[in-house]
Amino acid sequence: MLKTHLSDLFESRGAKMIEFVGWKMPLWFTSITEEHLAVRNKAGIFDVSHMGRMLIEGKDSTHFLNYVTTNNVEKLKPGRMHYSTICNQNGGIKDDVMLQRITEDKYVLVTNASNREKIYNWLTQNSKGYEVKIEDVTFEVPMLAIQGPYAEKIMQKIVDIDLKKLTFWRLATCKIMGYEAIISNSGYTGENGFEVTIWRIPKGESEKLIKIYMEILKAGEEYGLKECGLGARDTLRLEAGLVLYGNDIDEDTTPLEAKLDYAVKMDKGEFIGREALQRQLNEGLRKVRVGLKMIEKGIPRPHYEIWCENEKIGVVTSGTYSPLLNIGIAMGYVKPKYDEIGREVEVVIRERRVKAKIVDWPFYNEEEYGRRRKNVP
């Protein structure tokens with residue numbers, strides 16, 4: 001198994017370790033629910049170094065990335081980032097990615113851990129004719145995520161820049177304990193927070209990242225910062241309505257079907273998969289992603305069938321028990337004609353049809369559930 005710079009530290013601190021797409025990662029430190037609620041109400045820190053990181057630079061880097069991704073890279077200014085997808089020729093999603101524009105001709109592309117090698121090979125294969133350099137820096141550029149209402153106060157103790165100026169989906173270079181880093185206002189939890197990449201710490205020098213990690217934990221003590229694992233990361237992203245590659249999206253699903261069309265700019269010119277997506281726009285979608293909130297007691301899980309009016313209309317792709325809402329929630333795909341907010345459907349749980357309704361995401365509502373993130377002192 002591959003290890004991050006912090007894997008051995010986590011094991012020594014009693015984390016429940018598992019294998020995740022070839023990496024040894026913490027599932028939880030105390031419990032998924034406790035870590036989940038810490039992020040919603042205070043703050044949590046995640047090691048996300050298993051995610052792929054590609055450094056892409058060169059005078060053709062903008063044109064190249066505009067061709068291999070679906071969002072409009074030409075409109076992305078230095079110091080900003082956006083969400084995008086990488087499609088195959090049939091419009092299916094090879095990966096969903098975050099693209100950071102560091103300078104005019106320098107980018108960092110963050111991929112899913114399961115797709116790192118696939119995307120590196122895809123980028124290399126399609127870079128012929130472009131003056132561009134692609135480097136997989138995953139193993140020497142560790143990445144941490146600090147998420148939650150108190151994330152800014154915690155990280156302000158650590159970095160040498162004013163984080164109040166770093167609004168959503170903006171990034172900046174900074175120093176953390178003397179190390180060069182890139183910090184972005186972004187995350188995968190639905191909360192305010194930051195993702196930090198530290199440049200560069202070779203695998204043989206893990207103690208340097210351990211020192212940074214422990215310093216962040218110390219800075220977060222007064223704010224209730226908790227170490228978090230993959231379990232809470234999954235329940236948090238699902239509550240926020242964010243997709244997981246391999247569950248909710250794959251190469252047989254297009255970004256239009258997944259309702260990721262905000263990351264697809266059909267008017268920007270040629271890009272891989274554009275013709276197939278245009279054909280789908282003209283002919284209609286085969287399926288669409290929806291949110292499901294259980295009406296009756298039950299926890300929906302991947303592959304459970306979705307029914308309506310005695311007809312199977314779709315299938316669940318992600319499902320869990322929401323620690324915040326105390327009910328079952330899910331995402332799945334249904335036939336487009338059934339995509340209607342408030343429509344009652346049924347999820348087949350242990351051979352029994354259990355009532356649910358189609359809802360929008362995020363699944364939580366600040367007013368209804370008494371969220372008070374704005375009033376963080």
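These notebook entries record what I looked up in one predicted protein model.

**Entry 1: conventions and confidence**

I number residues from 1 along each chain as its sequence is written, and I use heavy atoms for side-chain values, with hydrogens and water left out.

I looked up the confidence, expressed as pLDDT (the predictor's confidence in each residue, from 0 to 100). The protein chain has a mean pLDDT of 96, and 97% of its residues reach 70 or more. Over residues 370-377 the pLDDT stays under 50. For that stretch I found 18 contacts beyond four places in sequence, a contact being heavy atoms within 4.5 Å.

**Entry 2: overall form**

I counted secondary-structure elements as DSSP runs, numbered from the N terminus: helices are H or I runs of at least four residues, and strands are E runs of at least two. The protein chain has eight helices and 20 strands. Its radius of gyration is 21 Å, close to the 21 Å that the globule rule gives for 377 residues, so the chain is as compact as a globular protein of that length. The radius is taken over C-alpha atoms, and the rule is 2.2 Å times the number of residues to the power 0.38.

Along the principal axes, the C-alpha atoms fill a box of roughly 65 × 50 × 40 Å. Of the contacts with a separation of 6 or more, 66% come from residues 24 or more positions apart.

I then turned to accessibility. The protein chain exposes about 16600 Å², of which carbon and sulfur atoms supply 47%; the areas come from the Shrake-Rupley method with a 1.4 Å probe, and for residues only the protein chains shown count as cover. Of the 377 residues, 55% count as buried. Buried means under 20% relative accessible area, exposed over 50%, and partly exposed in between (1.4 Å probe, protein chains only).

**Entry 3: nonpolar cores**

Which residues have the most contacts inside the largest nonpolar core? I define such a core as a set of buried Ala, Val, Leu, Ile, Met, Phe, Trp, Tyr and Cys residues joined through side-chain atoms within 4.5 Å. The largest one has 34 residues, and M155, I176, I183, Y213 and I216 have the most contacts inside it. Elements giving two or more residues to this core include helix 1 (7-12), strand 4 (43-47), helix 5 (151-156), strand 12 (179-184) and helix 6 (206-220). Helix 6 gives the most, with six residues.

I listed the partners of I216, not counting residues up to four places away in sequence: I45, L144, I146, I154, M155, I158 and L225. Another core lies apart from the largest one; this core has 29 residues, among them Y83, V110, M143 and L236.

**Entry 4: helix 2**

In helix 2 (residues 32-41), I found E35, H36, A38, V39 and R40 buried. Their cover includes strand 3 (23-28), strand 4, strand 10, strand 14 (225-227) and helix 7.

**Entry 5: salt bridges**

I found 24 salt bridges in the structure, each a side-chain nitrogen of Lys or Arg within 4 Å of a carboxyl oxygen of Asp or Glu. I noted three of these pairs.

- D8 pairs with K3, the closest N and O atoms being 2.8 Å apart. D8 is partly exposed at 46% relative accessibility, and K3 is partly exposed at 33%.
- K164 pairs with E152, the closest N and O atoms being 3.0 Å apart. K164 lies in the loop between helix 5 and strand 11, and E152 in helix 5, twelve residues apart. K164 is exposed at 63% relative accessibility, while E152 is partly exposed at 27%.
- D234 pairs with R237 at 2.9 Å, N to O. Because they are three residues apart in helix 7 (residues 230-239), about one helical turn separates them. Is R237 buried or exposed? R237 is buried, with a relative accessible area of 1%, whereas D234 is partly exposed at 29%.

I also recorded a network in which salt bridges that share partners join R40, E191 and E239.

**Entry 6: D105**

D105 lies in the loop between strand 7 (93-103) and strand 8 (106-111). At 34% relative accessibility, D105 counts as partly exposed. Leaving aside neighbours within four places in sequence, D105 is in contact with I56, E57, G58, K59 and S61. The C-alpha atoms of D105 and L37, 68 residues apart along the chain, are separated by 40 Å.

Note on methods. This is a predicted model: local features need pLDDT of at least 70, side-chain atom pairs count only at pLDDT 80 or more; totals for chains, interfaces and linings use all residues.
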